[in-house]
Amino acid sequence: MSRIPARLPARLTTAVALAAVGALTVPSGAATAGERPVDVAVEWYDVTADSVAAAGASTQVTNNRIWAIGWTAAARALRVDDRAEFQEAALAGAVHEALSALVPARAAELDAALAETLDRVPDGAAEDAGLTAGRAEARVLLAERAGDGLDPASVNVAFPVPEPAPGVWQPTPPAHGPALQAGARNARPFLLASGDQYRLAPPPAVDSARHRADLVELAAYGSIDSTVRTEHQTETAAFWYGSSLTLYTEPLRVALSRSTEGLAERAELVALSHVALVDTAIATSDSKYAHLAWRPVTALRAAGDADWTPLHVTPSHPDYPSGHNTYSGAAEGVLTALVGARTAPFELTSPTAPGVTRTYTTWRQLSLENIDARVFSGIHTRTADTAGIRLGRTVAAHTLRNAEALFD
């Protein structure tokens, strides 16, 4: 079977053409007349998404870790044998084993999903070997990642509030709550050497023209009572206000379901996406807490507008860089490299913008909207947003360069 180094260079220089909308890799499982064969990769993608949504962890990076462990284990197992029966059983076995350990509340649903998959796979030595290999890889990886500091308690370890000073983060209204996600910077990455490997340079000084321009834009477009923000811009802010994990689950599913690659390569797509996102979250926390940049609401009130209020409530951690945008940059980087920059149109909805449906044809569009959205929400400077995209893309590129180390 081909290995990552033989595939990645071409993908990083030339986008792989995507299949038509709805084209799926045909699995070995038989289908009755008139039915489309079940795509095992998409089947277990949905099982993972449902499990995490229903009973996952309270912190986003912990949930990305669940995805990364399950799908990395699957990708490792699928390299062993290219028989279809082996691969389908291995993927299901690996993801089932990982989810059973990490989302135990979903045990009944997971067991039922595994039984359904295995009922379609022809019985025999290949199926048995695949199931065994998948489960074994999951157990190994669960042991490897034990104590990695990505559990919710470690991610949200207590962080002392710094002394007030111009440019320095302080708890923000209305809750003035403690800093969140400060512990993620100390977690063990999957592929980064350390959380500070790609630490960003400091943000613009508080007396710089760039910082002043950022605040002028925020004051006008990010205020709760803005008179210049358009209805569409307000909708953009609401659309991207929620969890990045939730919002990016569908775009990755689109890429997975439309890919014409083999099952092993498609498992690697999901694994690499979430490994990059975990490592990006760690790198984001490092830069945030290294620089401790104040939020726009703090800066604007300190400048004399004591009643200035953002459109959306400001998350309780420093401004620079924007975590939504590091996430977006990392996802864009992996998807662009592995499936190409463009795809047929796909629709996306958001739980924080009920009734709104948006259509996209490139992964970059998602990043561009994220940049604007956090400004229109009044919770991030444009500098923090663009720096976030840059950091996410950097970590994604590192993930792809070092993919072989993940799967061997």
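At what angle do the axes of helix α2 and helix α10 cross? Select residues 40-55 for α2 and residues 244-258 for α10: in this predicted model, their axes come within 10 Å and cross at roughly 175°. An angle over 145° counts as roughly antiparallel, so that is what α2 is to α10.

Now show side chains where these two helices touch. On the α2 side, pick A41, V42, Y45, D46, A49 and V52; on the α10 side, pick L245, Y248, T249, L252, R253, L256 and S257. Colour them by class and you'll get 9 nonpolar, 2 polar and 2 charged residues.

Look for Q87, E88 and L91 in α4 facing L263, A264 and A267 in α11. By class, you have 4 nonpolar, 1 polar and 1 charged residues there.

Next stop: the rings. There are 9 aromatic pairs to find in this model. Start with Y45 and W71: their ring centres are 6.5 Å apart and their planes sit at 65°, so this pair is edge-to-face. Y45 belongs to helix α2 and W71 to helix α3 (residues 60-78), so to speak a link between distant parts of the chain, 26 residues apart. Are they buried or exposed? Both Y45 and W71 are buried.

Now select F239, W240, Y248 and Y327, which ring pairs link into a cluster. While you're at F239, find R358: its charged end sits over the F239 ring, 5.5 Å from the centre. For another case, go to F190, where R145 lies over the face of the ring at 3.8 Å from its centre.

Click on A126 in helix α6, residues 125-144. With 11% relative accessibility, A126 counts as buried. Which residues does A126 touch, leaving aside its neighbours within four places in sequence? They are R83, E85 and F86. Check the C-alpha atoms of A126 and F86: they are separated by 4.7 Å, although the two residues are 40 apart along the chain.

Most residues other than glycine have a negative phi, and most peptide bonds are trans. Zoom in on the loop between α7 (152-155) and α8 (209-221), where P174 sits. A cis peptide bond joins P173 and P174, with omega about 5°. H176 is in that loop between α7 and α8 too, with a positive phi near 50°, and at 47% relative accessibility H176 counts as partly exposed. Q181, also between α7 and α8, has a positive phi near 65° and is partly exposed at 39%.

Finish at P321, in the loop between α12 (296-302) and α13 (323-339). Y320 and P321 are joined by a cis peptide bond, again with omega about 5°.

Key
Residues numbered from 1 in each chain as written. Predicted model: local features only at pLDDT ≥ 70, side-chain atom pairs only at ≥ 80, totals over all residues. Heavy atoms only, no water. Axes fitted to C-alpha atoms, helices over the stretch in contact; angles between N-to-C directions. Helix = DSSP H or I, 4+ residues; strand = E, 2+ residues; numbered from the N terminus. Parallel < 35°, antiparallel > 145°, perpendicular 65-115°, else oblique. Contact = heavy atoms within 4.5 Å. Nonpolar A, V, L, I, M, F, W, Y, C, P; charged D, E, K, R; others polar. Phe/Tyr/Trp six-rings, centres within 6.5 Å; stacked < 30°, edge-to-face > 60°. Buried < 20%, exposed > 50% of the residue type's maximum accessible area, 1.4 Å probe, protein only. Lys NZ or Arg CZ within 6 Å of the ring centre and 35° of its normal.
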